[in-house]
Amino acid sequence: MKYFYDWNSLEKSMISHEYSSAYGSVIVGERMQVAMVHKERGTGSRLHSHPNEQFNYVLKGELRARVEDEEKMMKPGDLVYIPANAAHYLVAV
């Protein structure tokens, strides 16, 4: 197990070719995942779920976020929490 990370030295790749256009670095733990990613405007993820919790903090741009049956427009400074196994998507607008 690794405890400390340098975002600048982490490998960047597509987060998932199966359900998302997000590109960047991700650290996956037993119950949580943390990533710093970029999505081109008009792209993002399709409705999906995974066993890890996820937090998404918007640095710039806007996201249309859906978690279960709730949808909201997110702007810089906003944070969305996605529980484990919750159906969700995030699209850059």
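A residue counts as buried under 20% relative accessible area, as exposed over 50%, and as partly exposed in between, with a 1.4 Å probe and protein chains only. This tour concerns a predicted model, in which local features need pLDDT of at least 70, side-chain atom pairs count only at pLDDT 80 or more, and totals for chains, interfaces and linings use all residues. Residues are numbered from 1 along each chain as its sequence is written, and side-chain values use heavy atoms, with hydrogens and water left out.

**The whole chain**

Display the C-alpha trace first. Along its principal axes the trace spans about 35 × 25 × 25 Å. Of the 93 residues, 32% are buried.

The protein has 0 helices and 8 strands, where helices (H or I, at least four residues) and strands (E, at least two) are DSSP runs numbered from the N terminus.

**The open sheet**

Select S1, S2, S3, S4 and S7. These 5 strands form an open sheet in the order S1-S2-S3-S4-S7, with mixed pairing; two strands pair if DSSP finds at least two bridges between them. Strand S1 (13-14) and S7 are at the edges with a single partner strand each, so one side of each has no neighbour in the sheet. S1 pairs with strand S2 (residues 23-28) in the antiparallel sense over 2 bridges. At this pairing, Ser-13 stands opposite Gly-24 in S2.

**The aromatic pair**

Select Phe-55 and Tyr-81. How far apart are the centres of their rings? The centres are 4.9 Å apart and the planes lie at 40°, so the pair is tilted. Rings of Phe, Tyr and Trp (its six-membered ring) pair if their centres lie within 6.5 Å; planes under 30 degrees apart count as stacked, over 60 as edge-to-face and the rest as tilted. The pair links distant parts of the chain, since Phe-55 in strand S4 and Tyr-81 in strand S7 are 26 residues apart. Phe-55 is partly exposed, at 37% relative accessible area, and Tyr-81 is partly exposed at 37%.

**The nonpolar patch**

Strand S3 (32-38) gives the most to the patch, with 3 residues. Leu-59 is in the loop between S4 and strand S5 (63-67) and is exposed, at 60%.

**The hairpin and the salt bridges**

Move on to S5 and strand S6 (residues 70-74), which run antiparallel and are joined by 5 bridges. Leu-63 stands opposite Met-74 in S6. S5 and S6 form a hairpin with 2 residues between them, and Glu-68 in the turn has a positive phi of about 55°.

Select Arg-66 and Asp-69, which form a salt bridge with the closest N and O atoms 3.9 Å apart. A salt bridge is a side-chain nitrogen of Lys or Arg within 4 Å of a carboxyl oxygen of Asp or Glu. Arg-66 is partly exposed at 26%, whereas Asp-69 is exposed at 73%.

Finally, select Lys-75 and Asp-78, whose side chains meet in a salt bridge of 3.6 Å, N to O. Is Asp-78 buried or exposed? Asp-78 counts as buried, at 17% relative accessibility, while Lys-75 is partly exposed at 46%.
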